[in-house]
Amino acid sequence: WKNAVVSRLTRGLGGLCKKRKVEYIRGTAQFVSNNKLSVQRQDGGTEEIEFDNAIIATGGHSAALPHIPMDGQHVIDSTMSLEIRDIPESMLVIGGGYIGLEQANTYARFGSKVSIVEMTPQLLPGTDPDVVSVLTRHLRGCVEGIMLNTKVTRIEPSAEGIKVWFEGEAQEQSGRTYKRVLVAVGRKPNTEGIGLESTDVGLDEHGFIQVDDQRRTRADGIFAIGDVTGNPQLAHKATHEGIVAAEVIAGRRASFDPRAIPFVVYTELEIAGCGLSETQARDQGLGVKVTKFPWSASGRALTMGEDKGLTKLILEEGSGRVLGVRIVGTDAGRLISEGALAMEMGAVAADLAYTIHPHPTLSETLMEAAANFLEGSIHL
């Protein structure tokens, strides 16, 4: 089913290219210079292509751990995990970031006994702890175990699967065997093997391509978008960057300058956010007022049987300007766009509070959280 969906989407892109008279060449390309590519075509031929402008959009790949070799069978990454044909009896997920949690939640729902190990004190490092705690409580009811402040020191194949040793708070779990180990410790940019050394394109200390606000690299006429340009590594950010680069090439005035880039963690109980976290806002020395609305006070959440959620606004003290939004709960990803729009429009709490929201809906939780700032929430 997954492959069918992917195939349908890629066929659709092919059709869009054809209608827009975009020539699509299947092959492997490398830069020869700042204005020339060498392409090894999939049909076996080779050709050189000169260009006035080029956009690098090569994406990224799953990061690996040097002391944990991946064999594609028992030890896998997040890409490989989408291709396995069976549901493992047990699985250890290394990494408590959004990719690790999404995969862990998925395989737990399929019936695997899943354990998660994370080297920091909380899941989703860098995300508001009060929001993460809601998801963590939910996950503890779904997975077999969550090990925080813990590292994997080594693994060893055995007749029963993969034997794993730990260091840290859960080191007493050392020696446990899992049928599969999933390594989900982040992603790295695809910048090797494309001939960047033959150009003036510059990389930063993490290997990402350096670009300005128009997505220009150091090489005249070469642009870069998406995961190769750095965090956040999100598809919708890449799409927006691509639009900016295309408009700049077409001679229009455009720049990549969003006030907020929304993100969604697609676990069963989703986390979505945009703008500054509470910690980030305080670290920047901003006067901050935090206001929350628990979904246990939402009529719609109660009728859905989904009252575990929380909607949180990070507001500028005094003015009530929206600095950030964090939501945890079912379908949080459907709600966050209102927060992103509020930030792009420079909205204040009153704008959200006095916008009439349909009832009963989960979107009302944004209105109610904003009304809390004005000390006017009716349902809390």
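This is a predicted model: local features need pLDDT of at least 70, side-chain atom pairs count only at pLDDT 80 or more; totals for chains, interfaces and linings use all residues.
What covers the buried residues of helix 3 includes helix 2 (98–110), strand 9 (145–147), strand 17 (270–275), strand 19 (310–316) and strand 20 (322–329), and that is where I would like to begin. Residues are numbered from 1 along each chain as its sequence is written, and side-chain values use heavy atoms, with hydrogens and water left out.

Helices and strands here are DSSP runs numbered from the N terminus, a helix being H or I with at least four residues and a strand being E with at least two. The buried residues of helix 3 are Val131, Val132, Val134, Leu135, Thr136, His138 and Leu139, where buried means under 20% relative accessible area, exposed means over 50%, and partly exposed lies in between, with a 1.4 Å probe and protein chains only. As for the length of helix 3, which runs over residues 129–140, the twelve residues should span 16 Å at 1.5 Å a residue, and the end C-alpha atoms are 16 Å apart, which agrees; the expected span is 1.5 Å times one less than the number of residues.

Helix 1 covers residues 2–19 and holds valine 5, which is partly exposed at a relative accessible area of 35%. Together with Trp1 and Leu9, Val5 forms a nonpolar patch on the surface, with about 410 Å² of accessible area for the three together. Patches are made of residues with over 30% relative accessible area and no salt bridge, like charges being joined within 9 Å and nonpolar side chains (Val, Leu, Ile, Met, Phe, Trp, Tyr) within 5 Å, and the areas come from the Shrake-Rupley method with a 1.4 Å probe, only the protein chains shown counting as cover for residues.

Strand 1 (residues 27–33) and strand 2 (residues 36–41) pair in the antiparallel sense over six bridges, pairing being assigned if DSSP finds at least two bridges between two strands, and a hairpin of two residues joins them. Threonine 28 has glutamine 40 in strand 2 as its bridge partner. Glycine 27, also in strand 1, is 13 residues from glutamine 40 in sequence but 5.4 Å from it in space, C-alpha to C-alpha. Leaving aside neighbours within four places in sequence, glycine 27 is in contact, meaning heavy atoms within 4.5 Å, with Val39, Gln40, Arg41 and Gln42. Strand 2 also pairs in the antiparallel sense with strand 3 (residues 46–50), over five bridges, and lysine 36 stands opposite glutamate 50 there. These two strands form a hairpin with four residues between them, and glycine 44 in the turn has a positive phi of about 105°.

Now to the backbone geometry. Most residues other than glycine have a negative phi, and most peptide bonds are trans. Lysine 21, in the loop between helix 1 and strand 1, has a positive phi of about 60° although it is not a glycine, and lysine 21 is exposed at 77% relative accessible area.

Finally, the charged pairs. A salt bridge is a side-chain nitrogen of Lys or Arg within 4 Å of a carboxyl oxygen of Asp or Glu, and by this rule the count comes to 19. Glutamate 268 forms one with arginine 109, the closest N and O atoms being 4.0 Å apart. Glutamate 268 lies in the loop between strand 16 (263–265) and strand 17, and arginine 109 in helix 2, so the pair ties together parts that are 159 residues apart in sequence. By contrast, arginine 282 and glutamate 278, whose side chains meet at 3.2 Å, N to O, both lie in helix 5 (residues 278–283), four residues apart, about one turn of the helix.
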